[in-house]
Amino acid sequence: MEPGTFAMGSSNRNVQFSESPAHQVTLTQSYLMGETEVTEALWNAVQGSSGGSTTQPQTSVTWQEANDFAGKLTTAARQAGLIDNTVRFALPTEAQWEFAAKGGNLSKGYLYSGSNDINDVAVTRENSGSNSPTSVKTKQPNELGLYDMSGNAYE
């Protein structure tokens, strides 16, 4: 993601979740974001276990567990020579996540992450018939090629 400025939060008073009022935020440094939610198989591999689905998102983890995972992923990627010591994986800040979900500098101002029609981009209870997440990448990505930013596993 390239640095950019966007309206964070919402001016809609009827939102289901509490959001801060819309305000301008500028991100001054570039960063990378995973294309999909972390899958069970990636989670297990980094945590030293085997198995798990390569398509199902890992769920039911705390912020601390997710943060620890990012640290372990950094160590594993450095040991494998995939990244150098200047790079580290981390959980995005709320502003980084929202900027990415909204499409970053490529944003077209959609209501949902990548479309005005929730069924195009989000797995929901209503369109999946399930209370559980489904496979990643089953819906369209947003403008940045990121999947499931509006639905599937609950962040």
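1. A word on terms before we start: a residue is called buried under 20% relative accessible area, exposed over 50%, and partly exposed in between, using a 1.4 Å probe and protein chains only. Please keep in mind that this is a predicted model, where local features need pLDDT of at least 70, side-chain atom pairs count only at pLDDT 80 or more, and totals for chains, interfaces and linings use all residues. Residues are numbered from 1 along each chain as its sequence is written, and side-chain values use heavy atoms, leaving out hydrogens and water.

2. Let's turn to the charged pairs. With a salt bridge taken as a side-chain nitrogen of Lys or Arg within 4 Å of a carboxyl oxygen of Asp or Glu, the count is two.

3. One of them joins Lys137 to Glu35, with 3.6 Å between the closest N and O atoms. This pair links distant parts of the chain, 102 residues apart: Lys137 is in the segment after α5 (125-128), and Glu35 is in the loop between β2 (23-27) and α1 (40-47). Helices (H or I, at least four residues) and strands (E, at least two) are DSSP runs, numbered from the N terminus. Lys137 is partly exposed at 41%, and Glu35 is partly exposed at 42%.

4. Glu98 and Lys102 also form a salt bridge, their closest N and O atoms being 2.9 Å apart. Here Glu98 is buried at 10%, while Lys102 is partly exposed at 33%.

5. Finally, a look at the backbone. Most residues other than glycine have a negative phi. Asp148, however, has a positive phi near 60°, and Asn152 has one of about 75°. Asp148 lies in the segment after α5 and is buried at 2%; Asn152 is placed in the segment after α5 and is buried at 13%.
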